[in-house]
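Please look at the sequence and the model shown here before reading on.

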Amino acid sequence: MLGKLYTISTPIGNLSDFSFRAIEILNEIDYLICEDTRVTKKLLNHYKIKSTLLPYNVFNENKLTDKYIKHLTDGKNMGIVSDAGTPCISDPGYKLVNNCRRLNIEVISIPGPSSLISALSISGLPTDSFYFEGFLPKKKGRKTKFEFLSSIPSTVVLFESPYRLVKTVNDILSFMGNRQICICKELTKVYEEVMFGCVADILKLLSKIDKLKGEYVIIIAKKGYELK
């Protein structure tokens, strides 16, 4: 009998944002695949969960996918988590899930926190239609990507690090115009912060911050959108 793979969402900050079902599954599976075993171990220790942890990240996923598929075909039940939020969303996991689908190995979602959805829900911008880009190219193809995003008739969502946040917001102004945006920082954590306004005003706010820290979700209103 084939094993099952569970994609398990974990808290994006506040450890209380963890479902009863996720805890139940973690206590039952044979192996837990995780982006960083050190990060996942902290969560498991908090809930007194004992799991056999296996590493899986952008550096080793090609090498380890076949190994983990073998565990599943041998009948082992496995879970996969990212450091925070929902696995496979701008995080490792797609290749493993894709291989499972090809081999008719059941993949089951254990839903929960996602910074993408959490940010959209508090952004105050239209959510009836949105385009998720994730992280932008650092250099090559960046201008072309922005030109494409500028043409999309929907809300656009980006992920960004503190090191490139100001550059990205400046690029939004240059390539997409002075649109309404919402920037969410460190959602559900102690230093959670939300900035809302037009791009030019957000740049003024950012210029007053000595050192940017944390992880950011940037939500950009479609062209022509006006607050009502």
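## Cysteines

The predicted model holds zero disulfides, a disulfide being a pair of cysteine sulfur atoms within 2.5 Å. C88 takes part in none, and its nearest cysteine sulfur, that of C100, is 9.8 Å away. C88 is partly exposed, at a relative accessible area of 27%; buried means under 20%, exposed over 50% and partly exposed in between (1.4 Å probe, protein chains only).

For C182, the closest cysteine sulfur is that of C184, at 3.9 Å, which is too far for a bond. C182 is buried, with a relative accessible area of 0%.

## Aromatic pairs

Rings of Phe, Tyr and Trp (its six-membered ring) pair if their centres lie within 6.5 Å; planes under 30 degrees apart count as stacked, over 60 as edge-to-face and the rest as tilted. The count by this rule is six aromatic pairs. One of them joins F132 and F159 edge-to-face, at 5.0 Å centre to centre and 70° between the planes. Because F132 lies in strand β6 (residues 130-135) and F159 in strand β7 (residues 155-160), this pair ties together parts 27 residues apart in sequence. Strands (E, at least two residues) are DSSP runs, numbered from the N terminus.

F132 is partly exposed, at 26% relative accessible area, whereas F159 is buried, at 9%. The rings of F135 and F159 are also edge-to-face, with centres 5.7 Å apart and planes at 65°. Ring pairs link F132, F135 and F159 into a cluster.

## Basis of the values

Residues are numbered from 1 along each chain as its sequence is written, and side-chain values use heavy atoms, leaving out hydrogens and water. In this predicted model, local features need pLDDT of at least 70 and side-chain atom pairs count only at pLDDT 80 or more, while totals for chains, interfaces and linings use all residues.

Definitions and conventions. Helix = DSSP H or I, 4+ residues; strand = E, 2+ residues; numbered from the N terminus.
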